[in-house]
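Open the structure in your viewer and keep the selection tool at hand. The stops below tell you what to select next and what is there.

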Amino acid sequence: MKRYFLGIDTSCYTTSCAIIDDELNIVGEARKILDVKPGMKGLQQSNMVFQHTKVLPRLIEELPQVPLSGIGVSAFPRRSDDSYMPAFLVGHGFARALSHMMQVPMYEFAHQENHILAALREIGHVPTLPFYSLHLSGGTTELVLTEYKGKGVFESSIIGGSKDLQGGQFVDRVGVALGIQFPCGKELELLASQTDTYDPLPSSVKEGWISFAGPCSAALRNIEKGASPASMSKALFSCIGNSLEKLLTYHLKHTPVSTLIAVGGVMSNSILRNRLNGFCHKNNVTVHFANPKFSVDNATGNAYGAFLATRSE
């Protein structure tokens with residue numbers, strides 16, 4: 001008898017739910033990007049909670065009615081004692097209620113793990129050796145040393161990333177300054193493809209940690225001076241690509257791995273994917289990306305995690 005698994009994710013900017021079967025096929029999936037007013041660069045947590053609470057029931061109603069064998073949900077941003085964000089309480093609460101009423105187990109995952117699992121579902125297997133997870137989004141720029149422990153659980157430690165501005169914040173601040181509606185990534189990528197001419201932005205990486213704050217300030221100054229949207233977009237993604245290469249170069253020297261999983265909304269960008277593909281090829285690292293549709297926030301990873309948690313290892 002076929003088994004089905006529900007995933008729920010209520011992140012900072014997207015409400016998501018999905019159902020997969022035990023052959024890892026998606027049988028239902030629904031999501032909605034949260035509304036951000038024109039000119040704004042993000043949302044307060046209270047607004048996120050309100051929008052998730054309003055839209056999640058409708059999205060769940062769009063899924064097929066199938067007998068569930070497990071529910072996976074993002075319960076926190078990352079797996080650490082101090083990791084907390086109110087937006088995730090909405091999905092967690094719905095998952096608990098559904099688990100109780102349907103008498104099926106619920107499994108808690110970090111939003112970070114949901115992204116990793118979404119990529120691994122498409123690959124069709126979980127690496128047995130420790131690997132890098134690079135998560136680049138509006139709220140996160142992290143390089144995580146990750147090891148799968150079985151039953152959908154990972155042991156992970158953040159070894160690098162950004163200590164100030166996050167990758168997605170860098171992208172959106174530049175985009176909003178150019179008059180683009182938040183979130184800005186897709187339109188900036190299209191603009192960047194229209195030129196090869198640009199003034200490079202500095203990239204700052206020290207001992208495996210990126211600083212995007214300085215490059216962002218430089219970008220905003222260039223916009224004030226009249227830099228064209230296309231050349232500014234090209235410079236932006238070149239800067240991020242340079243920063244990621246420096247980040248990975250440092251850490252590969254100290255903690256070599258053979259596999260990199262790159263996830264997050266910013267990593268749906270084709271320019272950055274091409275940069276990482278070339279870098280990893282030169283450094284004998286196998287890189288895996290989720291399909292761009294499943295690199296951005298979605299709940300298929302949590303559904304896959306619930307499948308793994310119920311599977312006999």
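## Starting with a strand pair

Select Ile 8: it stands opposite Val 73 in β4. The model you are looking at is predicted. Now widen the selection to strand β1 (residues 4-10) and strand β4 (residues 68-76). These two pair in the parallel sense, over five bridges.

Next, show the whole sheet around them. Five strands make up this open sheet, in the order β3-β2-β1-β4-β5, and the pairing is mixed. Its edge strands are β3 (26-33) and β5 (106-110), and each pairs on one side only. From one strand to the next, the twist averages 15°.

## On to the seven-strand sheet

Move to the other open sheet. Seven strands run in the order β9-β10-β8-β7-β6-β11-β12, again with mixed pairing. Look for its edges at β9 (204-206) and β12 (286-289), which each pair on one side only. Neighbouring strands here are turned by 30° against each other on average, direction ignored.

## Strand β6

Select residues 131-136, strand β6. Is this strand enclosed or open to the outside? Six of its six residues are buried, so β6 is largely enclosed by the rest of the structure.

Show the side chains. In a regular strand, side chains alternate between the two faces of the sheet. Phe 131, Ser 133 and His 135 point one way from β6. Tyr 132, Leu 134 and Leu 136 point the other way. All of them are buried.

Now check the neighbours of β6:

- β7 runs antiparallel to β6, joined by six bridges. Leu 134 stands opposite Leu 143 in β7. The two strands form a hairpin with four residues between them.
- β11 (residues 259-263) runs parallel to β6, joined by four bridges. Tyr 132 stands opposite Leu 260 in β11.

## Across to β8

Stay on Leu 143. This residue also stands opposite Gly 160 in β8. Strand β7 (residues 141-150) and strand β8 (residues 153-162) run antiparallel, with eight bridges joining them.

Follow the chain past β8 to Gln 166, in the loop between β8 and α4 (167-177). Gln 166 is buried, with a relative accessible area of 13%. Which distance separates Gln 166 from Leu 136 in space? C-alpha to C-alpha, the two are 7.7 Å apart, although 30 residues apart in sequence.

## A buried arginine

Select Arg 273, in helix α8 (residues 270-282). Arg 273 is buried yet has no salt bridge. The nearest side chain of opposite charge belongs to Glu 122, 7.0 Å away. A salt bridge would need a side-chain nitrogen within 4 Å of a carboxyl oxygen. Now turn to Ala 290. Its backbone oxygen lies 2.5 Å from a polar atom of the Arg 273 side chain.

How many disulfides does the structure hold? The count is zero. A disulfide needs the two sulfur atoms within 2.5 Å. Seen from Cys 239, the closest cysteine sulfur is likewise that of Cys 216.

Check the surroundings too. Cys 216 counts as buried, at 4% relative accessibility. Cys 239 is also buried, at 1%.

Definitions and conventions:
Residues numbered from 1 in each chain as written. Predicted model: local features only at pLDDT ≥ 70, side-chain atom pairs only at ≥ 80, totals over all residues. Heavy atoms only, no water. Pairing = 2+ DSSP bridges. Axes fitted to C-alpha atoms, helices over the stretch in contact; angles between N-to-C directions. Buried < 20%, exposed > 50% of the residue type's maximum accessible area, 1.4 Å probe, protein only. Lys, Arg positive; Asp, Glu negative; His and termini not counted. Polar contact = N/O pair within 3.5 Å; in protein donor to acceptor, adjacent residues only side chain to side chain.
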